[in-house]
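Reader: Can you walk me through this one? I'm new to reading structures.

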Amino acid sequence: MAKLTFHGQSTFVVECDDGTRLVIDPFFDDNPLSAIRRSEVGAVDYLLPTHGHYDHFADALPLLRETEATLISTFEIAAFAESEGIAKVHPMHIGGGYGFPFGRVKMTPAIHGGQVHGDTTGQYSTAPGGFLMHLDGRRIYHAGDTALTLDMGLLKGKVDVAILPIGDNFTMGPEDAAEAVALIRPRVVIPVHYNTWPLIEQDPERFRDLVGERAGDGVRVEIMDPGDSYAP
Ligand code: NI
Ligand code: MN
């Protein structure tokens with residue numbers, strides 16, 4: 001069963017049963033919550049940034065250079081990486097899925113900004129997204145940074161574990177994220193993208209209460225501290 005290790009903000013290292021290691025939204029060295037630095041991440045097979053913002057992409061190019069990893073992201077982010085000399089990229093886009101050796105990945109819509117950190121030309125700005133991943137028999141939805149959308153209702157019945165931002169200010173806050181849970185109806189929800197900086201301070205226990213009010217007892221809220229691992 002895939003093991004998810006949280007490193008603060010939206011960063012996860014995922015270890016699949018076959019040994020494949022994924023990193024979602026790589027943000028280590030400048031991440032105030034991460035207990036590990038980029039040099040401690042170890043082997044990476046695939047790197048999956050949901051969008052190009054600094055707090056999801058800062059360590060992407062260095063990790064791609066320092067490991068054997070293949071980048072999986074939007075066409076524009078893949079093109080930017082190629083322009084920076086990265087050879088192993090798999091471009092895809094919102095609404096499209098692909099069967100990788102470790103499992104199927106589909107990019108999902110997000111309402112957010114599309115600037116790509118490090119792109120001084122501005123030509124690689126892209127639609128931000130999320131990932132719906134089928135890993136070791138589990139369906140894991142990493143929403144990326146997004147507002148609440150009614151479209152999330154299309155994921156109802158298709159998600160075992162939802163990873164949702166609750167920080168407010170830049171993304172959904174706890175109320176909207178609880179509403180997203182009511183639309184998606186996952187078995188488990190993991191709140192992310194909070195308490196990294198004062199602007200996004202939140203109490204995850206309040207989110208737990210809101211999920212109970214809006215979505216009932218059928219959804220478990222898994223609050224992860226940076227460094228925690230969880231196998232759904
Ligand atoms: Ni962002
Ligand atoms: Mn962010």
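Author: What follows is a short chat about a metal site and a sheet. The model is predicted: local features need pLDDT of at least 70, side-chain atom pairs count only at pLDDT 80 or more, and totals for chains, interfaces and linings use all residues. Residues are numbered from 1 along each chain as its sequence is written, chains are lettered from A and ligands numbered from 1 in the order in which they are written, and side-chain values use heavy atoms, with hydrogens and water left out.

Reader: Ok, which protein donors does the manganese ion (ligand 2) have?

Author: They are D55 (OD), H56 (NE2), D145 (OD) and H193 (NE2), at 2.1 to 2.2 Å. Donors are N, O and S atoms within 2.8 Å of the metal (3.2 Å for Na, K and Ca); water is not among the atoms, so sites may look incomplete.

Reader: And what does D145 bridge?

Author: D145 bridges the manganese ion (ligand 2) and the nickel ion (ligand 1), which lie 3.1 Å apart. D55 lies in helix α1 (residues 54–57) and H193 in the loop between β12 and α5, so the pair ties together parts 138 residues apart in sequence. Helices (H or I, at least four residues) and strands (E, at least two) are DSSP runs, numbered from the N terminus.

Reader: Are D55 and H193 buried or exposed?

Author: Both D55 and H193 are buried, meaning under 20% relative accessible area; exposed is over 50%, partly exposed in between (1.4 Å probe, protein chains only).

Reader: New topic. What order do the seven strands take in the open sheet?

Author: The order is β7-β8-β9-β10-β11-β12-β13, with mixed pairing; two strands pair if DSSP finds at least two bridges between them. β7 (97–100) and β13 (220–221) stand at the edges with a single partner strand each, so one side of each has no neighbour in the sheet.
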